[in-house]
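Good morning, and thank you for coming. I would like to walk through one structure with you, and I ask that you keep the display in view as I speak.

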Amino acid sequence: MSTPDRDPLRAVPQPGRTVQGIAFFDFDGTLVKGDSLLPFLGELAGRRRVRWALARAVKAAVRQPRSPAVPDLRTAVKASLLHQLLAGVRMEEAQAAARRLAAWPRWNRRVLDHLRRHKDAGRRVVVATGALELYMPELLAELEVDALLATGLECVDGVLTGRMQGGNCVRATKAHRVAAYLHEHGPFGESWGYGNRPSDLPMLALLKHRTVI
């Protein structure tokens, strides 16, 4: 079993850079207006197929009992959508769809300005998002983000299985990954967080300065 190549956004900032603090940014609904998953799936499978898959996913998720792997309705819908539309897709095809998505973002300029000010001040900037690790590097290519925490996808012999790897990077799972990142790369004298309510509140609770978008 293999996984997609680790993204360069996960790299630690360049040696010698003075890190004055760290800032975490959610992506969907925070750095950008709207949610990126359905637009990506539309690029890959077509909007009509996505609409049908979403209807089936919601219906199935309502009936599905919650479990540690699928703890909430939104994660259940997402898991079903990914299985329907990504299982059996070659990684190259999915990456091509990711490249087509690059022009999609409708940036929240106010939050984007905060990100750039943190960069200018020499702070480490991390995007922590439930969006897919597969396409996020294309959307962040011009932002010079230091690290990316996102939802991974299982890939076997170059073919996606449609299953999330490492869980859905939202709510408690996102907070756990942010806490692990702070422990591994810290300590940081100051920390900032930008996210939306209620899904990012567990992450924001870990950080000193919190902004709810």
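**Charged pairs and a covered strand**

Glu43 and Arg100 join through their side chains in a salt bridge, with 3.4 Å from N to O. Glu43 belongs to helix α1 and Arg100 to helix α4 (residues 91–100), so this pair ties together parts that are 57 residues apart in sequence. Glu43 is partly exposed, at a relative accessible area of 33%, and Arg100 is also partly exposed, at 44%. Please bear in mind that this is a predicted model.

As a general point, side chains of opposite charge can pair when their charged atoms come close. How many salt bridges does a search of the whole structure find? The search finds 8.

A further example links Asp146 with Lys119, where the closest N and O atoms are 3.5 Å apart. Asp146 sits in the loop between α6 (136–140) and β3, while Lys119 is in helix α5 (residues 109–120), so the pair ties together parts that are 27 residues apart in sequence. Are these two residues buried or exposed? Both Asp146 and Lys119 are buried.

In another salt bridge, the side chains of Glu154 and Arg163 meet at 2.7 Å, N to O. Here Glu154 counts as buried, at 11% relative accessibility, whereas Arg163 is partly exposed, at 47%.

I turn now to the strands. Strand β2 (residues 124–132) is mostly covered, as 9 of its 9 residues are buried. In a regular strand the side chains alternate between the two faces of the sheet. For β2, both faces are covered: the buried residues include Val126 and Ala128 on one side, and Val125 and Val127 on the other. β2 pairs with β1 in the parallel sense over 4 bridges, and Phe24 stands opposite Val126. β2 also pairs in the parallel sense with strand β3 (residues 147–156), over 4 bridges, and there Ala128 stands opposite Leu149.

Finally, consider the surface. Lys33, Arg106, Arg109 and Arg116 form a positive patch. Lys33, in the loop between β1 (22–25) and α1 (37–45), is partly exposed, with a relative accessible area of 48%. A nonpolar surface patch consists of Val58, Val62 and Leu73, with about 250 Å² of accessible area together. Val62, placed in helix α2 (residues 47–63), is exposed, at 58% relative accessible area.

Terms used:
Residues are numbered from 1 along each chain as its sequence is written. This is a predicted model: local features need pLDDT of at least 70, side-chain atom pairs count only at pLDDT 80 or more; totals for chains, interfaces and linings use all residues. Side-chain values use heavy atoms; hydrogens and water are left out. Patches are made of residues with over 30% relative accessible area and no salt bridge: like charges are joined within 9 Å, nonpolar side chains (Val, Leu, Ile, Met, Phe, Trp, Tyr) within 5 Å. Accessible areas come from the Shrake-Rupley method with a 1.4 Å probe; for residues, only the protein chains shown count as cover. A salt bridge is a side-chain nitrogen of Lys or Arg within 4 Å of a carboxyl oxygen of Asp or Glu. Lys and Arg count as positive and Asp and Glu as negative; His and the chain ends are not counted. The place of a charge is taken as NZ of Lys, CZ of Arg, CG of Asp or CD of Glu. Helices (H or I, at least four residues) and strands (E, at least two) are DSSP runs, numbered from the N terminus. Buried means under 20% relative accessible area, exposed over 50%, partly exposed in between (1.4 Å probe, protein chains only). Two strands pair if DSSP finds at least two bridges between them.
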